[in-house]
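Student: Please take a close look at one part of this protein. I want to know which way its side chains face, and what lies around it.

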Amino acid sequence: MGPVLQFSLHKFKEKSARKRPPCIPESAWPARLEYWNKDEVKRKALQAKKNRMSEPDGPGTGTSKHKGGSRSAVEHFAKLVTL
């Protein structure tokens with residue numbers, strides 16, 4: 001699945017947002033709706049939602065957050081050199 005379709009799926013999959021957004025051509029809209037209605041796609045979306053809402057540090061600690069921080073290109077290079 002390409003990044004545009006993936007973004008569109010995330011952004012417009014809610015039932016209240018079934019109206020075609022202007023950035024998506026009319027000719028492409030029916031295919032996207034058909035894709036989003038597939039059982040496998042719904043199952044994957046539900047699992048992804050559960051994963052995003054998981055509490056990896058235990059109950060009551062809040063949802064999963066990115067805690068990696070940023071790393072400069074120089075730091076990336078230094079780490080690769082040491083591998």
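Tutor: Start with a term: a residue is buried under 20% relative accessible area, exposed over 50%, and partly exposed in between (1.4 Å probe, protein chains only). Buried residues make up 12% of the 83 residues in the protein. This is a predicted model, so local features need pLDDT of at least 70 and side-chain atom pairs pLDDT 80 or more, while totals for chains, interfaces and linings use all residues. Numbering starts from 1 along each chain as its sequence is written, and side-chain values use heavy atoms, without hydrogens or water.

First, the setting. The protein has four helices and zero strands. Helices (H or I, at least four residues) and strands (E, at least two) are DSSP runs, numbered from the N terminus. The order of the elements from the N terminus is α-α-α-α. Now take contacts, meaning heavy atoms within 4.5 Å. Among contacts in the protein with a separation of 6 or more, 27% join residues 24 or more positions apart.

Our part is helix H2, residues 29–36. Which of its residues are buried? They are Trp29, Arg32 and Trp36. Seen down the axis of H2, these buried residues fall within an arc of 60° (taken from the directions from the helix axis to the C-beta atoms), so they line one face of the helix. An α-helix has 3.6 residues a turn, so residues three or four places apart point the same way. Pro30 and Glu34 lie on the other side of H2, and both are exposed.

Look at the two tryptophans. Trp29 has 8% relative accessibility and counts as buried. Trp36 has 4%, and it also counts as buried. Aromatic rings (Phe, Tyr and the six-membered ring of Trp) pair if their centres lie within 6.5 Å; planes under 30 degrees apart are stacked, over 60 edge-to-face, the rest tilted. That rule gives one aromatic pair. Its members are Trp29 and Trp36: their ring centres are 5.4 Å apart and their planes stand at 80°, so the pair is edge-to-face.

Trp29 also has a partner of another kind to check. Lys19 sits 10 residues away from Trp29 in sequence, and their C-alpha atoms are 9.3 Å apart in space.

Next, charge. In a salt bridge, a side-chain nitrogen of Lys or Arg lies within 4 Å of a carboxyl oxygen of Asp or Glu. The count is two salt bridges. In one of them, the side chains of Arg20 and Glu26 meet at 3.7 Å, N to O. Arg20 is partly exposed at 30% relative accessibility. Glu26 is exposed, at 61%.

The other bridge joins Glu40 and Lys44, at 3.4 Å, N to O. These two residues belong to helix H3, residues 39–52. They are four residues apart there, which means that about one helical turn separates them. Glu40 has 46% relative accessibility and is partly exposed. Lys44 is partly exposed too, at 49%.

Last, follow the chain past H3. Gly62 lies in the loop between H3 and helix H4 (73–82). Gly62 is partly exposed, with a relative accessible area of 23%. Leaving out residues up to four places away in sequence, Gly62 touches Ser54, Glu55 and Pro56.

Back to H2, then. Trp29, Arg32 and Trp36 are its buried residues. Pro30 and Glu34 are exposed on the other side.
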